[in-house]
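Here is a short report on one protein model. Look at the sequence and the 3D view first, then read on.

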Amino acid sequence: MIRPLIGITTWRRSIDTDLGSGRPAHTLGTEYAAPVEAAGGAVVLLPPTAGVDEVLDRLDGLVLSGGEDVHPSRYGAEPQEGKNYDPSRDGYEIALALGARRRGIPVLAICRGLQVSNVAFGGTLVVDIPTTEHHEPMRGADQQLAARHPILLTEDSRLATLYGTRQRTVNTIHHQAVDTPAPGLRPVAWAPDGIVEAVESDGEWPFWAVQWHPEKMIAPDEAAEEMPLFAAFVSAARERAAEHPAAEKGTR
């Protein structure tokens with residue numbers, strides 16, 4: 001069976017290493033790669049680079065990962081005081097999203113990935129979600145990972161079909177969300193407070209974008225519930241790999 005090549009974007013952070021403190025590093029939690037590999041994908045990590053076209057020419061699927069906020073100037077808003085932004089990552093991932101759409105490459109966009117996709121295609125974001133019962137201010141790490149809220153999926157969405165249900169419970173690790181959906185994207189899931197929790201392409205392009213973090217729901221029962229999303233994504237990437245052999249992409 002073909003193992004499609006899946007690229008996952010990284011987050012640039014400063015970490016302590018044997019060579020000193022605060023060393024710049026391109027990082028990604030291991031929980032992103034694990035379900036993609038379990039679904040049959042071969043993973044490569046994507047730090048920001050100038051070679052967007054060369055990267056996309058070799059990929060069968062793309063995961064836009066979570067991370068820091070997209071700079072608000074990208075959608076006509078003001079930056080928040082005290083927030084850190086990475087303009088080079090923004091530019092790279094916007095280019096990846098646009099290029100993937102042009103090529104029809106399957107995309108799974110997670111949290112920031114949903115937000116950067118919406119901005120790339122011409123939408124806007126809620127810069128800071130007002131506090132509600134289902135979206136409280138960012139908390140300590142343990143509390144944030146444990147937070148959950150319900151969502152409701154539209155009946156005709158791809159997500160409702162692959163999960164086999166319209167009602168789900170997901171984690172709550174974000175303080176931004178879609179405001180104006182981009183042309184070509186349609187919201188397909190909402191929290192009870194009205195926050196958009198997922199969008200899909202309104203065409204045939206295999207694009208799934210979720211505001212929650214499916215890769216961080218690692219308790220066995222929750223991980224099993226999230227696996228259909230990764231399986232559908234990798235399956236679409238495998239179909240693309242079969243239609244676009246490596247010989248047509250150059251050397252892998």
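## Terms and a hairpin

Two strands pair if DSSP finds at least two bridges between them. Helices (H or I, at least four residues) and strands (E, at least two) are DSSP runs, numbered from the N terminus. This is a predicted model, in which local features need pLDDT of at least 70, side-chain atom pairs count only at pLDDT 80 or more, and totals for chains, interfaces and linings use all residues. Residues are numbered from 1 along each chain as its sequence is written, and side-chain values use heavy atoms, with hydrogens and water left out.

Start with β2 (residues 11–17) and β3 (residues 20–27). They run antiparallel and are joined by 6 bridges. A hairpin of 2 residues links β2 to β3. Isoleucine 15 stands opposite arginine 23 in β3.

## The open sheet

An open sheet is built from 9 strands, with mixed pairing. Their order is β4-β1-β5-β6-β13-β12-β11-β8-β9. β4 (42–46) and β9 (167–171) stand at the edges with a single partner strand each, so one side of each has no neighbour in the sheet. On average, neighbouring strands are turned by 25 degrees against each other, direction ignored. Here axes are lines fitted to C-alpha atoms, for helices over the stretch in contact, and angles run from 0 to 180 degrees between N-to-C directions.

At one end, β8 (residues 148–153) pairs with β9 in the antiparallel sense over 5 bridges. Histidine 149 stands opposite valine 170 in β9.

Helices pack on the sheet too. Helix α1 (residues 30–38) touches β1 (5–9), β4, β5 (61–64) and β6 (107–110). Contact means heavy atoms within 4.5 Å. The direction of α1 makes about 165 degrees with that of β1. Helix α3 (residues 87–103) also touches β1, β4, β5 and β6, and its direction makes about 145 degrees with that of β5.

## An enclosed helix

How many of the 9 residues of helix α4 (residues 112–120) are buried? The count is 9 of the 9, so α4 is largely enclosed by the rest of the structure. Buried means under 20% relative accessible area, exposed over 50%, partly exposed in between (1.4 Å probe, protein chains only). Among the buried residues are Arg112, Gln115 and Asn118. Just after α4, glycine 122 takes a positive phi of about 105 degrees.
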